Amino acid sequence: MIEILPRLFVLSLLGVLASAFLPLIRSRLAEWAAQMVFIMSTLVGALAGFLFLLVGGTPFLGIISFPAVFSTILSIDSLSAAFFTLVCLVSALCGIFGLRYLEDYREKYHLPTLLAGTALFVLGMQGVLLAQTSISFFFFWELMSLSSAFLVMAECSRASIKAALFYLTMTQISGAAILGGLLLIGDGSLSIDFINLSAAADLPVPMLGLAFGLFFFGFGSKAGLVPFHAWLPEAHPQAPSHISALMSGVMLKVALYGFLRFGFVIGPFLPSWVAYVVVGFGLLSALYGVLYALLERDIKRVLAMSSVENMGLLFTMAGVFFLGMYGGNQALAIGSLLALVIHVWAHGLFKAGLFLSAGTIITRTHSHSLEAMGGLAKRMPVFAAFFLVLCLSAAALPPFGTFWGEWMFLSSIWQAILDGMPGSIVLLLIAIIMVCVGGLAIFAMVRLFGISMLGAPRSKEAEAATPAGGIYRFTMAVPALLLVLMGLFAPLIVRMVFGLETVQFVQSGNYFFPPLAGADTNASSPLIVGLALLAAILFCYALRRLWSDVRRERAYHQWDCGQPITPGMEYTATAFSGPIRFFFRSLLRIRKEIVATPMVSTNPWMARRTYSLQVRSIWVEYGYAPMEKLVFWISKQARRLQTGSVQFYMFLLFLALIVSLILAL
Amino acid sequence: MMIIFAIIQAFLVILVAPFLIGWVRLCKARLQGRHGASPLLPYYTFLTLMKKEIVFSTNASWVFRTVPFVVLGTTVFAAAVLPLLTLEGISPLSHFVLISGILALGSVFLVLGGLDSGSAFGGMGASREMTIAALVEPAFFVTLAGFGLGSGTAMVSLMIGNGVVGWVVHPGLALSLAALVLVSLAENARYPVDNPATHLELTMVHEAMILEYSGPYLALLELASWTKLTVFVLLIGSFLLPSTYLLAGVDYTLVGLGMAVGALVVKLIVLGGALALLETSIAKMRFFRMQEYLAYAFVLGVAGLIITLIV
């Protein structure tokens, strides 16, 4: 069993690679074949990752090795397998979605480049997760970053190119930071095997701290942590929907994986306040992300900001893991790590599902704006049901998968407080902020579902919407069902993925990591909660069926106070978030303008009013915009060097040579 | 055995819920100088509504039809697992994070029902209810966390079982109790957050959402809101004076059960009267001052929590 696993991984990688080059043959058949190969090989990857977790017992498995040069280039362990399976699964879903979606938008996108880009992007993510040396890690990391930047500009519109360039800039800065970190811990070498990373402990603490800072910035900005997140709500909505699903659903997780991978190694040698920094950034991102998620009106921007929130929660969980480690509280560390992995899976599934559904909705309404939707639940009932499951999962409500992750996290914090762990007040604050974020996330997701699906259609296109069948429905059904299953069998999954005695999370010895004994996954079985809830709801249904006459009902227009009522009178997405905007007005940057122009000059009361609302971001206003100005100023100064005379350039070259010689000697 | 008692408890709570609401209305009427209707009127209201015809908005989708069942279902779940009649409830299911999640699920569906008819009223109520629900969530969490910390558990049933009179042992919990009262008023759309008596006031929240419901669906939604109020009233009663049914809950005999039911009714009558007095003596707050109210609740809860943690 375990012998064929490496071959399966290789097969998956080769398949994805092949599907990147198949579209070069310019024919429809080749495009189709590329998509099929892509789907098959990602499915094989998911299967391989799953089997690896299922078999257990082998903490570490080499996949490709060249004994002459490096010991191992690609390998897998439990941590990367958990991420790898998710990446492959979501990629397969997005590939299947693309079969139909790209057919519908054949004119809009250049198919061969898009397919090749997607394949390279997924290959990059797979490679990052399997990489076993610094150089292969960085190679695949850049492959992932660059190919995704090109995918963002797939639409070739001005806005998408602008977003892609912004993204490219940010991703290169973060890539540089990661490269710096890799060089620091590898002591100047990039060919270091991750097995020997613990040798990095010999470095002086300030060096390690610097490396940790670089990794945190590099991976954090790629994961969309506030204040390095500004590219995320620009880039994610611009990409085609299934690419947004990949970027938000799994690419951010790959960044988190990178942080964990190196954080686990460097973390133990750092002072304990590092954990507070991680938690602080995490909570800031969560709070800020969720506030903007409930303000945005573009459906994909809502989802992108919700990703910022969820990545914030994940980094908070990672930070609490470190807190537990530094405080010597193993139960807290393990609990938050389990919660983290569950949340990674839940967020990967629901966010991919939501972006795919957003794509489906956009094929119907031809608009990204929530204000142009509405009434879709009546027109696409099955679609709406799956969408509701995904939204409720995103809101972390019981009985869906996400809830158990957050619950597990809160319970482990709670247990640590009850056990009287020092610094309980901080833990308490973390839990309280998490719950605040949770409440607002419910608001954001209810608004997303309620405004887009319910009520009367707010545009002609929404009114004419037809049910989305076949592939569209299938790609939503899979994540929705998986989330329901996760909601019912969470402890079982946890036990399967981290079998108590068999699998240690990371190869023992080199990483500081406890075996998972003592993780309390059995407190209350989610299955019982789910069944009890179902029983209560069925009881109410029976009450209605048995007690009242089911046939006595008729349809009529809603209460209209004697005047015809139009969709224009409905609550809009903007109005829906009005109270929250008001309550949090000191935290948000909002410019509201109401301009009244009298229709008759003699009567100021009869006026035409225009209402405009601008949602801005303090980080962009006070951080990015001045930085942009500074960069432009510097490049303007640098332009003075360009005199146009060749001799001067030669002189500069010579000077540069001298300086570098002096530095080198 | 535990399950049977939980089912009995859920039925009993549902059964007395219309009485509580009728009783509160009667007390309010008397305090305001009106004669008032019989406290049994809500039973008749419920039965009449169950017989009536349902009128659906032409905009409504299947979501509209599932709402009453989920809203009532989540309330029944809370009524079954919380320690209202027997001491334990179903203790493993009464984890306070779970309870607040389940109650939030109910609010979410109520909000969806309000939006589904496509009327401005429903949307307004939905937006307000969702705002309150989103902000009440942390307050509810810190309040129950305070009690949990006082008794060293996360299960609501054990919070009452462990600390005999929690707020006497941990004085900080008196603040948590005050926070719980504020949270309950907000969760149940009572004064000063909402006016439960009117249908046509621009300040309304809960009534605006269920405006489009009629017949048996309205009956179920009304029953759900009455049951929820009963659950919260009994919960406050249990935190206030747990000893009353510590006495009765000792043994699961018929006598014990009878005493427990008696204690429950006494609690409802006393606290229902107190609620009526409170609602008569204060005015409704403007909705856009709600953040202050919810901040009071939150700060009280946090204060109770931190005092309990430190002391």
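1. Where in chain A is the place of A:Pro227? The structure under review is a predicted model, and in it A:Pro227 lies in the loop between α7 (205–222) and α8 (232–238) of chain A. The peptide bond that leads from A:Val226 to A:Pro227 is cis, with omega near 5°.

2. A cis peptide bond is also found from A:Pro398 to A:Pro399, where omega is near 0°. A:Pro399 belongs to the loop between α14 (381–394) and α15 (401–418) of chain A.

3. The loop between α14 and α15 of chain A also holds A:Ala396. This residue is not a glycine, yet its phi is positive, at about 55°. Is A:Ala396 buried or exposed? Its relative accessibility is 13%, so A:Ala396 counts as buried, the cut-off for that class being under 20%.

4. B:Ala189 is located in the loop between α8 (173–187) and α9 (206–209) of chain B. With a relative accessible area of 9%, B:Ala189 is buried.

5. A:Ser12 deserves a point of its own. The residue sits in helix α1 (residues 5–21) of chain A. A:Ser12 has a relative accessible area of 0% and is therefore buried. Which residues does A:Ser12 contact, leaving aside its neighbours within four places in sequence? They are A:Ser41, A:Thr42, A:Val44, A:Gly45 and A:Gln126.

6. The next point concerns helix packing in chain A. Helix α9 (residues 241–266) of chain A packs against helix α12 (residues 330–365) of chain A at an angle of about 165°, and the two axes are 6 Å apart. Because of this angle, α9(A) is roughly antiparallel to α12(A), a description that applies to angles over 145 degrees. The crossing of α9(A) past α12(A) is right-handed. On the side of α9(A), the contact includes A:Ser241, A:His242, A:Leu256, A:Leu260 and A:Phe264. Among the partners in α12(A) are A:Leu337, A:Val344, A:His347, A:Phe355 and A:Gly359. By class, the residues of the contact of α9(A) with α12(A) comprise 11 nonpolar, 8 polar and 2 charged.

7. How many helices and strands does chain B have? Chain B has 13 helices and 1 strand. Along the sequence, the order of these elements is α-α-β-α-α-α-α-α-α-α-α-α-α-α. Chain B contains 311 residues, of which 66% count as buried. Considering contacts in chain B between residues at least 6 apart in sequence, 80% join residues at least 24 apart.

8. Helix α4 (residues 96–116) of chain B and helix α5 (residues 120–151) of chain B have axes that come within 9 Å and cross at roughly 175°. It follows that α4(B) is roughly antiparallel to α5(B). Residues of α4(B) that take part include B:Phe96, B:Ile99, B:Leu103, B:Val108 and B:Leu115. Those of α5(B) include B:Gly122, B:Glu129, B:Met130, B:Glu137, B:Phe140 and B:Phe141. The residues in the contact of α4(B) with α5(B) fall into 15 nonpolar, 5 polar and 2 charged.

Conventions
Residues numbered from 1 in each chain as written. Chains lettered and ligands numbered in written order. Predicted model: local features only at pLDDT ≥ 70, side-chain atom pairs only at ≥ 80, totals over all residues. Heavy atoms only, no water. Axes fitted to C-alpha atoms, helices over the stretch in contact; angles between N-to-C directions. Helix = DSSP H or I, 4+ residues; strand = E, 2+ residues; numbered from the N terminus. Parallel < 35°, antiparallel > 145°, perpendicular 65-115°, else oblique. Left-handed = near helix turned anticlockwise from the far one by under 90°. Contact = heavy atoms within 4.5 Å. Nonpolar A, V, L, I, M, F, W, Y, C, P; charged D, E, K, R; others polar. Buried < 20%, exposed > 50% of the residue type's maximum accessible area, 1.4 Å probe, protein only.
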